[in-house]
Amino acid sequence: EDEKRKYVKGKKLGEGTYANVYLGHSRSDPNVLVAIKKIKVQQQYNDGMAPDAIRELKYLQELRHPNIISLLSVFSSKDQNLNLVLEYLPLGDLEMLIRDVDRVRYGTADIKAWMGMLARAVWWCHDNFVLHRDIKPNNLLIAADGEVKLADFGLARGFADPGYRMTANVITRWYRPPELLFGARHYGGAVDIWSVGMVFAELIIRSPYLPGNTEVEQIALISKQIGTPTEDVWPGVTSLPQYTVPSEVTPVWGKEAYMQRFGAVGPEGVDFLIKTLALNPKKRITARGMLEHRWWHTDPKPTRKEDLPRKA
Ligand code: ADP
């Protein structure tokens, strides 16, 4: 109740799948703008669920980083709804920029800047034992100074306990890695890395790279465009609960094929992309590996955040 009184709720900013978002400000300092995200909690799950969610979210409040949206406060309102008070990010998200092909121009240096911010956000999460599990352009919000911030930790869970069995039904389909599509119950940070690779590919071609309409189609697209997950490239994959691949086996594509389609970011950029899209999660580059990649040190330098393209 204390937390709730710290903020004043204003007009509705938007409506998402599972939340209404309102503009708000701090009661003590009206210049501090916030977004208040009111999660629609299903009635039958109300009992006992909200306190649980709040405990998890308290943990996210401590995850402070320039490229991660600040969770300023969490409270439940009298109707048992969960309210998240977030830093206000007024400039939309990366998806809006990617889609507005007619009005928004960007190049390799801009992509490198955005990818750098995303890589640092993911590294910070993983270093603090948090999986994001829903990385996509729509969840990369843009601050007034151009900084990109990873948002929507709705599905985030701690992964410190290695024996913890987690649900495989996470991550929006297009950004979902093969281990989750095959129903793996034990997974790790590699799931986020795959999503990072999909975002990178999408930034380059300005349309979703593998937009499957169903999970079966998603696996078919991965199999055709990246390579078929087989025991050869991924020992143990055929034992995953929902393993199934198209009958036509495609060998994993080499660098030349990626250069054809993604060559705009140069050979080092393409190397980075290939390493994020390793079928075998154990072979996939780690968050730390991303930060240590040579791509950051090749020309062009990443654009300074204040010079990045903005929504029209
Ligand atoms: P979705 O993920 O479907 O866009 P959200 O519930 O995350 O739904 O957000 C709904 C809308 O509220 C967004 O489209 C955006 O316009 C706005 N919004 C969400 N978070 C913020 C924020 N931190 N700052 C400003 N606007 C926000």
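Predicted model: local features only at pLDDT ≥ 70, side-chain atom pairs only at ≥ 80, totals over all residues.
View 1. Asp134 sits in the loop that links strand S6 (130-131) to strand S7 (140-142). UniProt, in an unreviewed entry, gives this residue the feature "active site". The phi of Arg133 is near 70 degrees, a positive value in a residue other than glycine. Most residues other than glycine have a negative phi.

**View 2. Phe153 and its contacts.** Phe153 is part of the loop between strand S8 (148-150) and strand S9 (157-158). It counts as buried, since it has 24 C-beta neighbours inside 10 Å. Apart from neighbours within four places in sequence, Phe153 is in contact with Leu60 and His132. Between the C-alpha atoms of Phe153 and Ile135 the distance is 9.2 Å, and these two residues are 18 residues apart in sequence.

**View 3. The positions annotated as "binding site".** An unreviewed UniProt entry applies this annotation to Leu13, Gly14, Glu15, Gly16, Thr17, Tyr18, Ala19, Asn20, Val21, Lys37 and Lys38. These positions are spread over 26 residues of sequence but cluster in space, with a largest C-alpha distance of 14.1 Å. Two of the annotated residues are shown in detail. Glu15 has its place in strand S1. Glu15 is exposed, because 10 other C-beta atoms lie within 10 Å and the class takes in counts of 12 or fewer. Gly16 is in the loop between S1 and S2. Gly16 counts as partly exposed, with 13 C-beta neighbours inside 10 Å.

View 4. S1 and S2 run antiparallel and are joined by six bridges. Within this pair, Gly14 has Val21 in S2 as its bridge partner. The hairpin that joins S1 to S2 passes through three residues. S2 also pairs with strand S3 (residues 33-39), in the antiparallel sense and over seven bridges. Here Tyr22 has Ile36 in S3 as its bridge partner. S2 and S3 form a hairpin too, with six residues between them.

**View 5. The hairpin of strands S4 and S5.** Strand S4 (residues 71-76) pairs with strand S5 (residues 82-87) over five bridges, in the antiparallel sense. Val74 stands opposite Leu84 in S5. Between the two strands of this hairpin there are five residues, and Gln80 in the turn has a positive phi of about 75 degrees.

**View 6. The buried face of helix H9.** In helix H9 (residues 266-276), the buried residues are Gly269, Val270, Phe272, Leu273 and Thr276. Seen down the axis of H9, the buried residues fall within an arc of 155 degrees, so they line one face of the helix. Helix H6 (190-205) and helix H8 (255-262) are included in what covers them.

View 7. Arg206 is found in the loop between H6 and helix H7 (215-225). Its phi is near 60 degrees, a positive value in a residue other than glycine. Arg206 is partly exposed, with 13 other C-beta atoms within 10 Å. Pro300 is in the segment after helix H10 (287-291). The peptide bond that joins Asp299 and Pro300 is cis, with an omega of about -5 degrees. Most peptide bonds are trans.

**View 8. The whole protein chain, for orientation.** The protein chain contains 10 helices and nine strands. It has 312 residues, of which 36% count as buried. Among contacts with a separation of 6 or more, residues 24 or more positions apart account for 62%.

Notes:
Residues numbered from 1 in each chain as written. Helix = DSSP H or I, 4+ residues; strand = E, 2+ residues; numbered from the N terminus. Buried ≥ 20, exposed ≤ 12 C-beta atoms within 10 Å, placed from the backbone. Contact = placed C-beta atoms within 7 Å. UniProt positions renumbered as here; feature names shortened; annotations may be inferred. Arc of directions from axis to C-beta. Pairing = 2+ DSSP bridges.
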